[in-house]
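Reader: Can you walk me through this one? I'd like to go chain by chain.

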Amino acid sequence: MRAWLYLITAAVAGAVVTTPALLVFVLGGGSVDDALFVALATLMLVSALLVVTMRDIIRCGLAMIVAFLALAGIYVIVGAPLVAATQVIVYIGAISVLILFAIMLTQSKAAPARLVFQTQAAPAAVAAVILVVLVALAVGATDWGETATRVRLATDTLARVLFDDYVLPFEVVSVLLLAAVIGGVFIAKREKEPG
Amino acid sequence: MGLANSLDSYLILASALFGIGTFGFLARRNAISMLMSIELMLNGVNLAIVAFGSFIPDLMADGSIIALMVIAVAAAEATVGLAIIIAIYRNRQTPLVDEYDAMRR
Amino acid sequence: MDTLIPLIAALPMAGFLFTAVVGRRLGKRAHIVPVAAVGLSWAIAMAVVATALTGGFAEGGMVVRLWDWIPAGAFHVEAALFVDNLTACLLIVVTTIGLLVHVYSIGYMSHDPGYWRFFAYLNLFMFSMLLLVLGDSWLTVFVAWELVGLCSYLLIGFWYRKNSAALASKKAFLVNRVGDVGFALGIMAIFVNTGTLNIRDSIEVLTSQTLVAFPIPVAVVALLIFAGAMGKSAQFPLHVWLPDAMEGPTPVSALIHAATMVNAGVYLVARANPIFASAPEAMVVVAGIGIFTAILAASIAMTQTDIKRVLAYSTLSQLGYMFAALGVGAWTAAIFHLMTHGFFKGLLFLGSGSVIHAVHEEQDMRRMGGLAKKIPHTYRTMLIGAIAIAGIPPLAGFFSKDEILGEAFKAGFSWVWAIGVLVAVMTAFYMFRLIGLTFWGESRVDRAVEPKIHESPRVMTIPLWLLAIPSIVLGLFLSWPGPPLGPLLGQNGPGLLAGWLEPVYAQGHVILGRHEEAFAIFGIDGVLILVSIAVATAGMLAAWRLFGVEIGGLRRSGSHERVRELTARAPFLYRASLNKWWFDEINHLVFIVIGGRVAAAAWWFDANVVDGIVNGIGAVTRRSGGGLARVQTGRVQNYALGIAIGLIVMVGSYALMAGR
């Protein structure tokens, strides 16, 4: 019984995602790129919404993984494949797993709390919406100049720039990661029982 | 339609993702949910940076490099943040932030 | 001379400081330094007086500049002393009687544990009083004025453990203060009008400028100064403190409340005579209040039973005479009476002290009597004093009192003269009542005390005789060769005192515009003299009829039945007189009861309205603070929402502005 439910949910989700894409493709007369963009964008936004609204945290985590995947796809479209790869490896492979582990370690015995949202959820929603609207307006009002096409970045160019000009930040970030690892281990260590 | 080709659409998408993350950060009770929302916000910003890097010729490599740095830092931050949350959970036995009120009057 | 004049005042100050610091340890010898200081001061003062009165000083008197006291730009006051003939006359009275009282106190206070304290206060008082008469600036006089009031407080309340004494000293100080407010306002008015606080300079400015009106009318200035004099010299309605001041030791009553401090008011008005002369309305007020006080006090004195109270009211009455004289323009007569009164009233007070000492601290005359043989020195000197004050010639009181009455009549103030004559009758009456009750007739002294009645020691009786001499001759001495005896014996010219004081009052006389009339001994003046003698004798005889007499061969016993008969015929007057016309009760009602209610209402207002507003502001602050504190939830998410809202507002407003 459950399996049917999941299949139907997946179908609905797929429909939700692809419909706008098809619309854009067919009606707007856009390219495949556009359709793909719309599909991935929709998927990402929907799963992000699910992350912040679902009651069960583990499901939130899984939705987050889906969002990251969609985002990786958008990175590819925009012309940054290395970033997309890093996104998948680091965000999905490391951070999301870490988060899921943490969720498991902090699960309370009781059922999920009765309230999902804080008392200030309504003003928060309003604020978030207004924020987005403001940024969108600002973006729309700005003239970005001659930026018609997106350029795909070659990986070797990226590598050269990274290790020529940005080698210092690169090293600093590695030190930062080392510090984070040590710190994380230290903070999360169980204290020795007295005696 | 040129959606995938216009900087504006990526930026608006990025701001939407950021907004969703903001809402989640302000509105959720579970500490780990707040952290996930923070990750969403970081990703939104990342997208904006990459979009800039891709569309503006001067920033071509810089955009991606900055995005990589952001991802690395986000990883570090998630590590430490989760470690803290686990430590607090051990102390308070609850992951809900409105019950962390030892310093309140 | 420059150093001698400040010494007059400085010596008693040094005496005070010395005695205050080491007096307690000196015990019975604590009087040596103070008495010596005053004695030396007296000697120097006599030298200065002699120089002044024989014309040794310049026309306007001698100024001794001490130092620049307040150099504050437009407000410039010098510390300086000034001696002219008026000062000299006052110096005679103050230093002589002061010295005699000091000597007398050696005997009177010999048994008192506060012996050293008494002399210290007496010296401080001498310093203050001398500073008052020597001062060259209104401010110096005011400082000395207040100091004198302080000494009065200290000395009235000398026996501070006695409740009545403490209350009396407080009453004296407070009533004095009321007058002092007027005086202070007067000084401020003088400064506003003239820009200087130097006495001579300010008087000159006040009397010369007649074209442009002063910011504060001269009459107002004069009345304010008189207000101060009213307080210090106990004129109606500020007279209530003087009778109560009898709680102090008798030497204090003699010195302060008969001979010196209460004369400060008279001195003040005399010194400011040009100001008063420029304001005839003020002078009428002065005369009116003075003569009213005189008859009020005399009426009360007729029924009092405490010997010191009778003398206190008598002082009030004679002071009233002096102010009446000042008010009608007879300034010389006022100072004349000041001097003679100082001596014979001082004598009477010291004598009463001797009587009280003899009957072992009994002050009620109903328990005295028949003391003439037992305390002869005291009796004889007091009899001299009584004759003097009654105005029987040729003793001192006759000359000064008659001059006042004569001048009043001739200046056109017949009402003052008429009331003054009435007062003279009453004065003679109550003084001989006092003598009769105290010294004549049968002894009503307490049986236990009677055998122990003794005359006072020589240190007390010698001052009495020394005071009796001026009481006899001073009148003759100061009025010769002028009226009234001069013309009778073919002499012409002003009297001695009139000659001395003529330069002091010259300006005032000019302003008043009165011209000198020749003294008509066989005309109006002679009639007035005869009237004065007649009424004084009448009063004396009336007293002899009611209270007895034992002078020489004249013997008559008093009759209590006649006294009772008379009092029965005028019960209201008797009761009013006995109760001091209920002034203390009126004061109590107005100021304490009604004033108390007003004060309570003001207190209520302050506690509830004013404090309410203040506390209300505090409460508002507290409550708003409490309300605002709810922003501090302690939750990071709430703060983050705040940040988000702030960000929206900033970006939004920037977008709006940019969009414009």
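Author: One definition before the chains: helices are DSSP runs of H or I with at least four residues, strands are runs of E with at least two, and both are numbered from the N terminus. Keep in mind that this is a predicted model.

Reader: Fine. How many helices and strands in chain B, then?

Author: Chain B has 3 helices and 0 strands. Along the sequence the pattern reads α-α-α.

Reader: How much of chain B is buried?

Author: Of its 105 residues, 61% are buried. As for contacts within chain B between residues at least 6 apart in sequence, 49% join residues at least 24 apart.

Reader: And how many residues are in the contact between chain B and chain A?

Author: Chain B puts in 64 residues and chain A 79. On the chain B side, helix 1, helix 2 (31–55) and helix 3 (60–92) each give two or more residues. Helix 3 of chain B has the largest share, with 23 residues.

Reader: What's the split into nonpolar, polar and charged on that side of chain B?

Author: The side of chain B that touches chain A has 46 nonpolar, 13 polar and 5 charged residues.

Reader: Switching to chain C. How many helices and strands there?

Author: Chain C comes to 26 helices and 4 strands. It has 660 residues, and 52% of them count as buried. Among its contacts between residues at least 6 apart in sequence, 79% join residues at least 24 apart.

Reader: I'd like to look at helix packing in chain C. At what angle do helix 15 and helix 19 of chain C cross?

Author: Roughly 155 degrees, and the axes of helix 15 and helix 19 (residues 458–479) of chain C come within 9 Å. Helix 15 and helix 19 of chain C are therefore roughly antiparallel, the cut-off for that being an angle over 145 degrees. Helix 15 of chain C passes helix 19 of chain C in a left-handed crossing.

Reader: Which residues of helix 15 and helix 19 of chain C meet?

Author: On helix 15 of chain C they include C:Phe336, C:Met339, C:Phe343, C:Leu347 and C:Leu350. On helix 19 of chain C, C:Met460, C:Leu464, C:Leu467, C:Ser471 and C:Leu474 are among them. By class, this contact has 14 nonpolar, 6 polar and no charged residues.

Reader: What about helix 11 and helix 15 of chain C, what's the angle there?

Author: Helix 11 (residues 263–271) and helix 15 (residues 331–358) of chain C pack at about 160 degrees, with their axes 11 Å apart. That angle is why helix 11 of chain C is roughly antiparallel to helix 15 of chain C. The crossing of helix 11 with helix 15 of chain C is left-handed. C:Asn263, C:Val266 and C:Ala270 make the contact from helix 11 of chain C, and C:Trp331, C:Ala334, C:Ile335, C:Leu338 and C:Gly342 from helix 15 of chain C. Those residues divide into 6 nonpolar, 2 polar and no charged.

Reader: Last one, helix 26 of chain C. What span does it reach, and which residues are buried?

Author: Helix 26 (residues 636–659) of chain C has 24 residues and reaches 34 Å from first C-alpha to last, close to the 34 Å expected at 1.5 Å a residue. C:Gln637, C:Leu641 and C:Ala644 are buried in helix 26 of chain C.

Reader: What do those buried residues of helix 26 of chain C pack against?

Author: Helix 5 (121–141) of chain A together with helix 1 (7–27) of chain B.

How values were computed: Residues numbered from 1 in each chain as written. Chains lettered and ligands numbered in written order. Predicted model: local features only at pLDDT ≥ 70, side-chain atom pairs only at ≥ 80, totals over all residues. Axes fitted to C-alpha atoms, helices over the stretch in contact; angles between N-to-C directions. Parallel < 35°, antiparallel > 145°, perpendicular 65-115°, else oblique. Left-handed = near helix turned anticlockwise from the far one by under 90°. Contact = placed C-beta atoms within 7 Å. Nonpolar A, V, L, I, M, F, W, Y, C, P; charged D, E, K, R; others polar. Expected span 1.5 Å × (residues − 1). Buried ≥ 20, exposed ≤ 12 C-beta atoms within 10 Å, placed from the backbone.
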